[in-house]
Amino acid sequence: MDVFSRTFLPAAAEAGVTIPTVSRHMPIFRRCVESDDATVLVSRCLRPEHAMSGDFLLLLTYRRLVVTQETLVLRRLRLHLNANLRHLDNVTWNIDLRRHAVDLAATAVDGVRERFRIRMADPDHVWRVDSLLRHVFRERAAQPAGHRPVTAVAAV
């Protein structure tokens, strides 16, 4: 079993993503993520400015941010965002402990500002997602390329 599968499946299970959902989204994720890339975060999310646009599933690895969309009516899947982390600009996130949510925003290479709201079950998960995002987008950027641990955690 490759690194991606070893880290994605437990993270998806911890996030409460059902096996049928994982099975539907997996072919898209497989096309976007290399087999040696470790999963950092898996979570359902939504786009605050497009409330009726369907369900989104966010996958963050050490190299990529991939977001898939499942339409509301026909349940069709499509790739919404597939970006190398190096190509994302102005990545920000804000935690909202009252709503148990993290609002993640980044500017993609095409100049479009993408915004996602990740909702969690409790405040502890909010802090955990905050630390994961800090690790990937701030601390990891300062580390030398050969010094990167493999871990996987999911948002609920």
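Visitor: Are F56 and F116 buried or exposed?

Guide: F56 is buried, and F116 is buried as well. Buried means under 20% relative accessible area, exposed means over 50%, and partly exposed lies in between, with a 1.4 Å probe and protein chains only. This is a predicted model, in which local features need pLDDT of at least 70, side-chain atom pairs count only at pLDDT 80 or more, and totals for chains, interfaces and linings use all residues. Residues are numbered from 1 along each chain as its sequence is written, and side-chain values use heavy atoms, with hydrogens and water left out.

Visitor: What makes F56 and F116 an aromatic pair, and why is it called edge-to-face?

Guide: Rings of Phe, Tyr and Trp (its six-membered ring) pair if their centres lie within 6.5 Å; planes under 30 degrees apart count as stacked, over 60 as edge-to-face and the rest as tilted. By this rule there are four aromatic pairs. For F56 and F116 the centres are 6.3 Å apart and the planes make 65°, so the pair counts as edge-to-face. The pair links distant parts of the chain, since F56 is in strand β2 and F116 in strand β7 (residues 113-119), 60 residues apart.

Visitor: Which residues form one aromatic cluster?

Guide: The cluster consists of F4, F8 and F29.

Visitor: How do you know that the span of helix α1 agrees with its number of residues?

Guide: Helices (H or I, at least four residues) and strands (E, at least two) are DSSP runs, numbered from the N terminus. The expected span of a helix is 1.5 Å times one less than its number of residues. Helix α1 (residues 3-14) has twelve residues and should therefore span 16 Å; its end C-alpha atoms are 17 Å apart, which agrees. Just after α1, G16 has a positive phi of about 80°.

Visitor: Which residues of α1 are buried, and what covers them?

Guide: In α1 the buried residues are V3, F4, S5, T7, F8, A11 and A12. Their cover includes α2 (19-32), β1 (39-45) and β2 (55-61). Contact here means heavy atoms within 4.5 Å.

Visitor: Why do β1 and β4 stand at the edges of the sheet?

Guide: Two strands pair if DSSP finds at least two bridges between them. Four strands form an open sheet in the order β1-β2-β3-β4, with antiparallel pairing. β1 and β4 (77-84) each have a single partner strand, so one side of each is left without a neighbour in the sheet. From one strand to the next the twist averages 15°.

Visitor: What makes β3 and β4 paired strands?

Guide: Seven bridges join strand β3 (residues 64-70) to β4, and the rule asks for at least two, so they pair. One of the facing couples is V67 with its bridge partner L81 in β4.

Visitor: Why is β3 called largely enclosed?

Guide: Seven of the seven residues of β3 are buried, so the strand is largely enclosed by the rest of the structure. R64, V66, T68 and E70 point one way from β3, while L65, V67 and Q69 point the other way.

Visitor: How do you know that L85 is buried?

Guide: L85 has a relative accessible area of 14%, and the limit is under 20%, so L85 is buried. L85 is found in the loop between β4 and β5. Not counting residues up to four places away in sequence, L85 touches L60, T61, Y62, R63, R64, L65, V136 and F137.

Visitor: What joins β5 to β6, and what joins β6 to β7?

Guide: Strand β5 (residues 89-96) and β6 are joined by six bridges and run antiparallel. β6 and β7 pair in the antiparallel sense over seven bridges. Six of the seven residues of strand β6 (residues 101-107) are buried, so β6 is largely enclosed by the rest of the structure.

Visitor: Where is confidence lowest and where is it highest?

Guide: pLDDT is the predictor's confidence in each residue, from 0 to 100. Confidence in the protein chain is lowest in helix α3 (residues 123-142), at a mean of 85, and highest in β6, at 96. The mean pLDDT of the protein chain is 87, and 87% of its residues reach 70 or more. Over residues 147-154 pLDDT stays under 50.

How values were computed. Axes fitted to C-alpha atoms, helices over the stretch in contact; angles between N-to-C directions.
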